[in-house]
Amino acid sequence: MHFHINHHLLRADIRALTARIRELKRMLGARWQRPMADLQREKCRLARRATELCALAAFARGRLHLRQPPRGSANDWSAELYHRAIAERLGPSYPPTSAALPLALEQSA
C-alpha cells in the first residue's frame with residue numbers, strides 16, 4: 001500500500017528524535033552521579049516513537065519496517081496490521097504538501 005505523506009517533515013522529526021536519543025545515550029553512558037531512571041524512560045519512549053516513524057515512512061513506500069514482533073507483543077502479532085495501525089494513527093500528522101497532491105492524484109489514476 002502506497003499513500004502520500006509529507007516525507008520532508010517526517011524525516012525532520014526522525015532526525016530530531018535520533019539527535020535527542022544520541023544525547024541521552026551520551027548522558028547515560030557517562031558515570032552516573034544522579035538518578036537516571038527518568039532519562040532511561042525518556043530514551044525508551046523516544047526510541048519507540050522513532051521506530052513508529054520509521055514504520056510509517058516504510059509503509060508509505062509500500063514496505064514494512066518491522067517483520068518480527070516487538071518484544072512483549074501478542075502471539076497473534078501481524079506486521080501488516082501493525083504498520084497499518086501506525087499509518088492510521090500517525091499519518092494524519094504528516095499531510096502531503098499541496099504541491100504533491102496533484103502528482104499523487106495523477107499517479108493513483
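Contact means heavy atoms within 4.5 Å. The model is predicted, so local features need pLDDT of at least 70 and side-chain atom pairs pLDDT 80 or more, while totals for chains, interfaces and linings use all residues. Residues are numbered from 1 along each chain as its sequence is written, and side-chain values use heavy atoms, without hydrogens and water.

**View 1. Helix 2, residues 37-60.** Helices are DSSP runs of H or I with at least four residues, numbered from the N terminus. At 1.5 Å a residue, taken times one less than the number of residues, the 24 residues of helix 2 should span 34 Å, and the end C-alpha atoms lie 35 Å apart, which agrees. G62, with a positive phi near 85°, follows helix 2.

**View 2. Buried residues of helix 2.** The buried residues of helix 2 pack against helix 1 (7-29) and helix 3 (79-90).

**View 3. Helix 1 with helix 2.** The two axes, lines fitted to C-alpha atoms over the stretch in contact, with angles from 0 to 180 degrees between N-to-C directions, come within 9 Å and cross at roughly 155°. That makes helix 1 roughly antiparallel (over 145 degrees) to helix 2.

**View 4. Helix 2 with helix 3.** Here the axes come within 9 Å, crossing at roughly 100°. The helices are therefore roughly perpendicular (65 to 115 degrees) to each other. In the contact, R49, T51, E52, L53, A55, L56 and F59 of helix 2 meet E80, Y82, H83, R84, I86, A87, R89 and L90 of helix 3.

Methods. Helices (H or I, at least four residues) and strands (E, at least two) are DSSP runs, numbered from the N terminus. Buried means under 20% relative accessible area, exposed over 50%, partly exposed in between (1.4 Å probe, protein chains only). Angles under 35 degrees count as roughly parallel, over 145 as roughly antiparallel, 65 to 115 as roughly perpendicular and the rest as oblique.
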